[in-house]
Number of protein chains: 2
Amino acid sequence: MYSQVIEKRAIDASVVDGDLRLAVDGAVVEVAAVWLRDACTDAVSRDAVSGQRLFNIVDLPADLLVREARLRGDRVEVEFAPDGHRSTFELAALLAADEPAPLTDSRTEQGKHLWRTASEVSPLISHDWADYLTDPAPALREVVERGFALLRGVPTEPGQVTTVAETFGFVRETNYGRLFDVRVEENAVNLAFTGLAISPHTDNPYRDPVPTLQLLHCLHNASVGGESGLVDGFAAAAALREHDPRAFEILTTTAVTYRFDSPDAHLSAVMPLISLDQAGRIREIRFNNRSMVVPRLHPARAREFYRAYRAFAERLYAPEAQLNFHLGAGDCLIFDNTRLLHARTAFAAAGGRHLQGTYADLDGLLSTLETHQETR
Amino acid sequence: MYSQVIEKRAIDASVVDGDLRLAVDGAVVEVAAVWLRDACTDAVSRDAVSGQRLFNIVDLPADLLVREARLRGDRVEVEFAPDGHRSTFELAALLAADEPAPLTDSRTEQGKHLWRTASEVSPLISHDWADYLTDPAPALREVVERGFALLRGVPTEPGQVTTVAETFGFVRETNYGRLFDVRVEENAVNLAFTGLAISPHTDNPYRDPVPTLQLLHCLHNASVGGESGLVDGFAAAAALREHDPRAFEILTTTAVTYRFDSPDAHLSAVMPLISLDQAGRIREIRFNNRSMVVPRLHPARAREFYRAYRAFAERLYAPEAQLNFHLGAGDCLIFDNTRLLHARTAFAAAGGRHLQGTYADLDGLLSTLETHQETR
């Protein structure tokens, strides 16, 4: 056993049953030999440029053990048996990571500001386009934390919405094109392209992978009506979990089919309305009354499902849950389509309301945000 | 109760506890009133052009019942209470759909040809580019059923790989670009861009949504080595479930982090190695020794996880599991990146091997396949 004092803490390193054992001020941290070897970052284990792992699990001895562990300043040096490989680890990292539960996952509800009522995100914050171009981080962080951000003063050039997407990521092209026009069309293949009111919904739930971000850019809006609305689906699901756990359980465990057919597209996806991650955290909402196909269930289960669906819908449709605003020329809304529902009130075809929309993905946005945070 | 004989079957329609009850040759099919109403496709319930549902669950009476049901030829006419709404349904559809379990989902292992050994898909089928352009359905169907298709005689113009993707869907642009060059690079940010052997893996597991399809187009390949390999991850997972159910359970329930960092990208995703759908079917494989970060687990769990990981890896790396072939100039491989692992042997930088790759998504491919099947 090797002992020393670091930052006034008494630390021992020893080997117990072939695993590393660290004792810090009496508290014990045990680290499996195979995990340690897998985490080794020396030159033969990781690529110097990319940091990628160079070996496979099958390259390691199946009977790997820690033969010896010794403290060296703020590091611990480990020798493995039977292969004699030596690795050095920072003590602080080993002590900090004693089974963190659950894993950090920015795609889940974890660490986000869930807003159950619109008043929590009112008055609306907006970001001037010029400021955004100088530093996009504040707006992008809002997309992660609140699920949306509003840019103002975006040039009202047609096609500009894809330029906005390209400031942080990449356009997800679909059968609707690289961008789509939201205005009144004759014989619309989708109700979005009519003047009808559209109740809160997530887009393209029939697509898999679903677009994780949507952008809506207003070129002009002189119509009466056509107000925009946003609802936090994660917050509604969290409230359902709290107040009606049975409904929450049904909606997280019952898969439904979402389906869309047009002359040139046949799309379907099978998913529950609320998806959870392995740790039980809310991860994705799909909610769309227009395209959901509920499977035939035995009558008792069908009644239970529809009761749960109604309970969730009532929360999502509650007037106080919906953040309402008027998108004017030059406004561009960016929102998380796996979390927020969006809606609009009815508007008259005459007068003119013309938005352009596009889809993009959260991976690019999160990457850009991390890059900007790093360089500050 | 209304009775009649259709296709020599004796059918009765009645109402029991407010639900529809159909008796066919003595066997009983019960259909919940609320499901029936939700499935109604009349002009006030569905848009005539798009077929999209026009009402919300909260628009329906919470105490909805079937008041009366009567047979009309091959249809059943239903009157609901309390609102008096009337709907007509095809009897055949109602009788066919008595709780189908599980839902059809072409993203899962369901209905696919899982190949546990390469011999099951040898000799390799290929599709001539000209034939493919005339009728892409046979090749696209192979991507769905076997996880891959090989096109031959694709023009060896740089950038052609995105044209191939656009025959059935849309390019998924990423930080690697709309397409990426696979050839030896100095100071490669990714081991893919070196001459090193790459063991079987799925691409971009650190991305969410992960690209569901990958295309690799060979512009020239004069190098010694650099053979391509494919392994069916669904088949290996199914074999693990059969022979080592404990390992399968651990890999489907333990989330790991996949992580990639380069100067311009920071990507991470939290997922298990094997993802299942709600019905327990295999739905997605993420397997990449280079980028997987296993969380700290208590030593006993860590040992169990690594034992399971090794058992899965041994199946994936088994020589008989891997389909090997040489991609020559004009060959283009399309494969399902949520199911198949791909690999290559080492090759010398000299001589020259130049592939171009791109990502795309299964939703577009499945839609195009359905459109072509429909029009035949």
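In this predicted model, strand β2 (residues 9-16) of chain B runs antiparallel to strand β3 (residues 19-24) of chain B, and 6 bridges join the two. Within this pairing, Asp12(B) has Ala23(B) of β3(B) as its bridge partner. The hairpin that β2(B) and β3(B) make has 2 residues between the strands, and in this hairpin Asp17(B) takes a positive phi near 55 degrees.

In chain A, 6 strands form an open sheet of mixed pairing, whose order is β8-β9-β20-β12-β22-β10. The edges are held by β8 (127-128) and β10 (180-182) of chain A, each of which has a single partner strand, so that one side of each is left without a neighbour in the sheet. Helix α4 (residues 137-145) of chain A packs on this sheet, where it touches β8, β9 (148-152), β12 and β20 (332-336) of chain A, and the direction of the helix makes about 145 degrees with that of β9(A). Also in the sheet order are β12 and β22, which pair in the antiparallel sense in chain A over 8 bridges, with Tyr359(A) in β22(A) as the bridge partner of Gln214(A).

| Strand | Partner strand | Bridges |
|---|---|---|
| β2(B), residues 9-16 | β3(B), residues 19-24 | 6 bridges |
| β12(A), residues 213-221 | β22(A), residues 353-360 | 8 bridges |

As for the relation between the chains, a rotation of 180 degrees with 0.0 Å of shift along its axis superposes chain A on chain B, with an RMSD of 0.0 Å. The two copies are therefore related as by a two-fold rotation axis. The same surface serves both copies, in that 100% of the contact residues of chain A recur in chain B.

Terms used. Residues numbered from 1 in each chain as written. Chains lettered and ligands numbered in written order. Predicted model: local features only at pLDDT ≥ 70, side-chain atom pairs only at ≥ 80, totals over all residues. Heavy atoms only, no water. Pairing = 2+ DSSP bridges. Helix = DSSP H or I, 4+ residues; strand = E, 2+ residues; numbered from the N terminus. Contact = heavy atoms within 4.5 Å. Axes fitted to C-alpha atoms, helices over the stretch in contact; angles between N-to-C directions. Least-squares fit on C-alpha atoms with pLDDT ≥ 70 in both.
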